[in-house]
Amino acid sequence: MNGILALFTLVGCFAVGLDALPFHGLKKSKKQHGSSTDPKFTEKYFTQILDHFNFNSMGNGTFSQRYLITDKYWKTGYGPIFFYTGNEGDIWEFALNSGFIVELAAQQGALIIFAEHRYYGKSLPFGEDSFNIPEVGLLTVEQALADYAVMITELKQELVAADCPVIVFGGSYGGMLSVYMRLKYPNVVAGALAASAPILSTAGLGDPRQFFRDVTADFQDVSPDCRDAVREAFGRLKELADKQDYSVIQGKFALCQTPSSPRDVHQLNGLLRNAFTLMAMLDYPYSTHFMGNMPANPVKQQRDLILTCFDLYKLYVECADPTGCGLGFNSLAWDYQACTEIDLCFESNNVTDMFPPMPFTEADRETYCTKRWGVVPRPNWLKVHFWGDDLSTASNIIFSNGDLDPWANGGVRKSLSSSLVAINISGGAHHLDLRGSNDADPGSVIKARKTESQLIEEWVKTERTRLKRKTELRL
């Protein structure tokens, strides 16, 4: 294919993904609080301990942690509690895009709670100073899990729900936290549904080429021609950059300013790669407003759109997560986590994937994180602290993954026991099963939700019996 034509093809494929970039800092999608499917969440704040593990550092200092709650379907004092372990963003985004939890609550008479992760959304322990050093040091997976355990325990007391079983839910990083909650606090939660949870790849287990290889596979499966065009277009972009034809690059990609250095071209490569990544992640069979605005089946939508002027450095910030951290406070929080516990050393190489060579090794990560945050990452920490791939002695966890999701192969794809169940969803994108039912849903996700519902119902019954016996022993 002609190089310039390939560039236009790249812009066409890429343009569909631009509306996905709100996840990383562009305009936010509107919250549909009053929609017919809205369970009418009430927004509240929980007085949370700043530092659960060091009594000297903050004493008993507290901050306000946001959570959303609805008892619309709850069989008061009896029904289970469905608790969403909030991830790297505003909790409303996840509450309004996790309709399966609401549907399940209606079936099983559950109370629903969506808890916001510390340092995200409005749950900033030190306000605008939260990302200063050393204040940012209280942003850890362990602190977040302790937040959820304390919140669950105290809210159960307030709601007179001591005998109500708790099931935790989460998608992506939130799904990782759900797994960790079941491992760390089995006395608090009876089971976990972890959707699209890359607990292996983020612990440094697996092939660093896997992620962008799988992004490429999504486009290849739909159109090998598009994959080849994208690969060729990135090559053409490199040729233009090598010749310093920066004005041509600006025109082809509708950039607000003319690139003037290799750094600017590197930034453009990262922005483009990020857009393709989001299209693959959010390849739902219907249009959505989750993480921004996406048409149905965006990977198939290889069309030219009218582009406006794009600012390379306002749309995308390079960080310790090669898949993108975003912009604003949420991006600062995720960048810090990717510099400490969450290991995201993914690379593209233009051989196993269609993207330009962009390595990101552990050495690169350490150099960046030492300079940016004054920290040295611990590559093996999640593997040591949260069991890595040695999960066989755990119980009551569902690991669901869609085969269109580039995060899927970083998670658990095979069942490890009768209560450590892997569900693979054909034609499923990033935690599709957590979304509400839709007429366009593939049969695979309908079947997956049915299995998840049955398992959770069994866990609730078993845990209710255990809690009842525990209460009787105290009397």
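**Figure 1. Buried residues of helix α12.** Helix α12 (residues 328-338) has as its buried residues S331, A333, W334, D335, Y336, Q337 and A338; buried means under 20% relative accessible area, exposed over 50%, and partly exposed in between, with a 1.4 Å probe and protein chains only. Helices (H or I, at least four residues) and strands (E, at least two) are DSSP runs, numbered from the N terminus. The buried residues of α12 pack against α5 (141-158), α6 (173-184) and α13 (362-373), where contact means heavy atoms within 4.5 Å. The model is predicted: local features need pLDDT of at least 70, side-chain atom pairs count only at pLDDT 80 or more, and totals for chains, interfaces and linings use all residues. Residues are numbered from 1 along each chain as its sequence is written, and side-chain values use heavy atoms, with hydrogens and water left out.

**Figure 2. Strand β7 and its neighbours.** Six of the six residues of strand β7 (residues 397-402) are buried, so β7 is largely enclosed by the rest of the structure. I397, F399 and N401 point one way from the strand, and I398, S400 and G402 point the other way. Strands β6 and β7 run parallel and are joined by four bridges; two strands pair if DSSP finds at least two bridges between them. L193 has I398 in β7 as its bridge partner. Strand β8 (residues 420-425) also runs parallel to β7, with six bridges between them, and G402 stands opposite I425 in β8.

**Figure 3. Surroundings of S201.** S201 lies in the loop between β6 (191-195) and α7 (210-222). The residue is buried, with a relative accessible area of 8%. Not counting residues up to four places away in sequence, S201 touches Q210, D343, F346 and G410.

**Figure 4. Aromatic pair Y84 and F94.** A search of the whole structure finds 20 aromatic pairs; rings of Phe, Tyr and Trp (its six-membered ring) pair if their centres lie within 6.5 Å, and planes under 30 degrees apart count as stacked, over 60 as edge-to-face and the rest as tilted. Y84 and F94 form a stacked pair, 6.1 Å centre to centre with 20 degrees between the planes. Y84 lies in strand β3 (residues 81-85) and F94 in helix α3 (residues 91-95), so the pair ties together parts that are 10 residues apart in sequence. Both Y84 and F94 are buried.
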